[in-house]
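Here is a short briefing on one protein model. Look at the structure first, then read the points below.

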Amino acid sequence: GGGAPAAARGPGARLRATMDDAMPPVLPLDLIAAKLRTQVYDMEEGSYGFESSDPDFGIEIVKVDVPKKDGGLGLDLVGVLRGKGGLGLTLVDRVTEGGNAAATNKIMPGDTLTYVGVEPDRMTRVEALSLERTVEAIRDYADDDEVTLVLKRLVRRATIKCVVQMPSGETTEISCRAGTNLRGELLRGRAELYAEGTERYDQRFLQGDCRGEGVCGTCIVKVLSGSELLTDQGTVEEDALKGAPFSWRLACQTVVGRDNVPGELRLRLQPQMGSDGKVDNEFRRGQW
């Protein structure tokens, strides 16, 4: 029991679900099962879930309210994997044409249920449960006129072309997958991310980076175009860049491929570096 979170629990960045007419192609159920791995979310509570084991694929979270006008949900479920203690992998096998679920146009074969119930306080977690336990949980809401479903969907990650301008003026291109961390992608592409002499946000007289922990504020990039492809700034990033231009971002706090949409991102590295080749730390002055 308990209310479902805004996004299902689990590590890593999520790909936001976008509901439009361009639904992603359906993968064979056995291929979906092969590309999912079991993740322990809470050992004490016995909470398990599924994440993608294939770097080319990510997880979208789909939330849909299904009005039950005539009959049930209109979903055929299938147990693909069975584990011990009532655990397993249950997938949507078929969405009944003309049924209640089909009317929402948001549920696809291959989706796996994570929560079912009535919001806000009658939601049951069913992720990583066997077919029998999943069906049993759904039956608990047989008398309700509308049921909320939260599902996970395996989708191919979009590709973002990242054009990076180096401090020398030279440019290079890095192909990034949606849902990946910008710092990690830049380092993977051997980009010159850090400028020697940049004062840290957390320790003024100490130089060097924090290895992506988000406390030093030195992995600065300037977004030249494609900002809509990046996640919004969080509190940590806003604090570390207080007084800096709005086009500056912290690479370690930024995820590429917002909404799993492809596109082109253009960046300039080390924007705090002046034309004289020296780091300008003036933007830090109001932070201490």
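## Charged pairs, a helix and a sheet

E264 counts as partly exposed, at 34% relative accessibility. Here, buried means under 20% relative accessible area, exposed means over 50%, and partly exposed lies in between (1.4 Å probe, protein chains only). The model is predicted: local features need pLDDT of at least 70, side-chain atom pairs count only at pLDDT 80 or more, and totals for chains, interfaces and linings use all residues. Residues are numbered from 1 along each chain as its sequence is written, and side-chain values use heavy atoms, with hydrogens and water left out.

**Salt bridges**

- E264 forms a salt bridge with R266, and the closest N and O atoms are 3.0 Å apart. A salt bridge is a side-chain nitrogen of Lys or Arg within 4 Å of a carboxyl oxygen of Asp or Glu.
- R266 is partly exposed too, at 33% relative accessibility.
- Side chains of opposite charge can pair when their charged atoms come close.
- The structure holds 18 salt bridges.
- One of them joins R177 and D56, with the closest N and O atoms 2.8 Å apart. R177 sits in strand β11 and D56 in the loop between β3 (47–52) and β4 (57–67), so this pair ties together parts that are 121 residues apart in sequence.
- R177 is partly exposed, with a relative accessible area of 35%. D56 is partly exposed as well, at 32%.
- R249 and E237 form another salt bridge, the closest N and O atoms being 2.6 Å apart. R249 is in strand β14 and E237 is in helix α5 (residues 235–240), 12 residues apart. Helices (H or I, at least four residues) and strands (E, at least two) are DSSP runs, numbered from the N terminus.
- Are R249 and E237 buried or exposed? Both are buried.
- A network of salt bridges links E51, R125, E127 and K152.

**A buried arginine**

- R153 is found in strand β9 (residues 146–156). R153 is buried, with a relative accessible area of 4%.

**Helix α3**

- Which residues of helix α3 (residues 131–139) are buried? They are T134, A137 and I138. Seen down the axis of α3, these buried residues fall within an arc of 100°, so they line one face of the helix. The arc is that of the directions from the helix axis to the C-beta atoms.
- An α-helix has 3.6 residues a turn, so residues three or four places apart point the same way.
- The face turned away from the buried side of α3 carries the exposed residues E136 and R139.
- Cover for the buried residues of α3 includes β5 (75–82), β6 (88–95), β7 (112–118) and β8 (122–125). Contact here means heavy atoms within 4.5 Å.

**The five-strand sheet**

- An open sheet of 5 strands runs in the order β11-β10-β16-β13-β14, with mixed pairing. The edge strands, β11 (171–177) and β14 (248–250), each pair on one side only. Two strands pair if DSSP finds at least two bridges between them.
- Strands β13 (residues 220–225) and β16 (residues 263–269) pair in the antiparallel sense over 4 bridges. V223 has L267 in β16 as its bridge partner.
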